[in-house]
Amino acid sequence: MNKLISINNLSYCYPDGHKALDGINLNISRGESVAIAGSNGAGKSTLLLHFNGIIHGTNGAVKVGGLPVTAANLKTVRRQVGVVFQNPDDQLFCPEVFDDVAFGPINMGLSEAEVRRTVADALKAVGLAGFERRSSHHLSLGEKKRVSLASVMAMSPEVLALDEPSSNLDPSAKWGLIDLLHSLDITRIVVTHDLELIEALCPRLIVMKQGKVLADGATTDIMADRELLLAGGLAARRHQ
Ligand SMILES: Nc1ncnc2c1ncn2[C@@H]1O[C@H](COP(=O)(O)OP(=O)(O)OP(=O)(O)O)[C@@H](O)[C@H]1O
């Protein structure tokens, strides 16, 4: 497998001075399925936002396909890496589902017929066939999350980076999502607290703690290490 994303000594401070990432080093190869987990506030979402240049490191470098993720390269990088936000209200901004999912394909210059077909295919893939004329803002949270995923899938990125994709999905929708992600011939990066999803989808697990990588290895090895799970906030001791 060849290196698709490389992160070198990445640190990030929010404008209020809070240091959310502190010296991250990692490589992700084409075709990998990687989970990023860790306790609340560990820096997972902040890291994800660097993959397609929504934010840029205070120090260090992120490269996608060998190209530095800088303002000058954003268009190319965003064709390659699609980010699905944790909160769908940050992703969906059109009155109707069709327009939200069609936005990317239209910007890519697809013909009207291709846009219609792409939107229909993406909605069908996430289990929302026929939702084109529904109002995005009147959908349930789980439905909105699936429209968000469809809007990114419609651009056929090489890398799908998803923040908490299974939260608010009912069990049937969640396993539908896992099956869908499994079926895609794509690189997957999933920020999640969902251990079932990690075990089902991601052979590699990166555990973050306080802005650093605490562990990076085979999911089966990390899941078998109770002390590591406790240290990384993926397991807890019972209080009684
Ligand atoms: N806009 C912001 N300004 C200042 N600090 C922020 C901002 N956004 C996040 N942070 C802080 O940065 C740290 C990392 O946040 P981040 O959202 O990346 O964590 P996370 O691991 O994704 O957490 P969670 O599991 O709760 O979603 C946290 O301490 C958070 O309070």
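Okay, let's start at A161. If you skip its neighbours within four places in sequence, A161 is in contact with L48, F51, V81, G82, V83 and I189. Keep in mind that this is a predicted model.

So where does A161 belong? It sits in the largest nonpolar core, which has 62 residues. A161 is among those with the most contacts inside that core, along with I36, V101 and A150. As background, nonpolar side chains tend to be buried together in soluble globular proteins.

Let's look at the α4 side. Helix α3 runs over residues 97–107 and helix α4 over 112–125, and they pack with their axes 9 Å apart, at an angle of about 125°. That angle is why α3 counts as oblique to α4. The crossing of the two is right-handed.

Who makes that contact? From α3 you have F98, V101, A102, P105 and I106. From α4 you have E114, V115, T118, V119, A122 and L123. Sort those by class and the contact has 9 nonpolar residues, 1 polar and 1 charged. Notice V101 again: it is in this contact with α4, and it is also on the list of residues with the most contacts inside the core.

One last thing to find on your screens: just after α3, G109 takes a positive phi of about 85°.

Technical notes: Residues are numbered from 1 along each chain as its sequence is written. This is a predicted model: local features need pLDDT of at least 70, side-chain atom pairs count only at pLDDT 80 or more; totals for chains, interfaces and linings use all residues. A nonpolar core is a set of buried Ala, Val, Leu, Ile, Met, Phe, Trp, Tyr and Cys residues joined through C-beta atoms within 7 Å. A residue is buried if 20 or more other C-beta atoms lie within 10 Å of its own, exposed if 12 or fewer, and partly exposed in between; C-beta atoms are placed from the backbone. Two residues are in contact if their C-beta atoms, placed from the backbone, lie within 7 Å. Axes are lines fitted to C-alpha atoms, for helices over the stretch in contact, and angles run from 0 to 180 degrees between N-to-C directions. Helices (H or I, at least four residues) and strands (E, at least two) are DSSP runs, numbered from the N terminus. Angles under 35 degrees count as roughly parallel, over 145 as roughly antiparallel, 65 to 115 as roughly perpendicular and the rest as oblique. A crossing is left-handed if the near helix is turned anticlockwise from the far one by less than a right angle, and right-handed if clockwise. Ala, Val, Leu, Ile, Met, Phe, Trp, Tyr, Cys and Pro count as nonpolar, Asp, Glu, Lys and Arg as charged, and the others, Gly among them, as polar.
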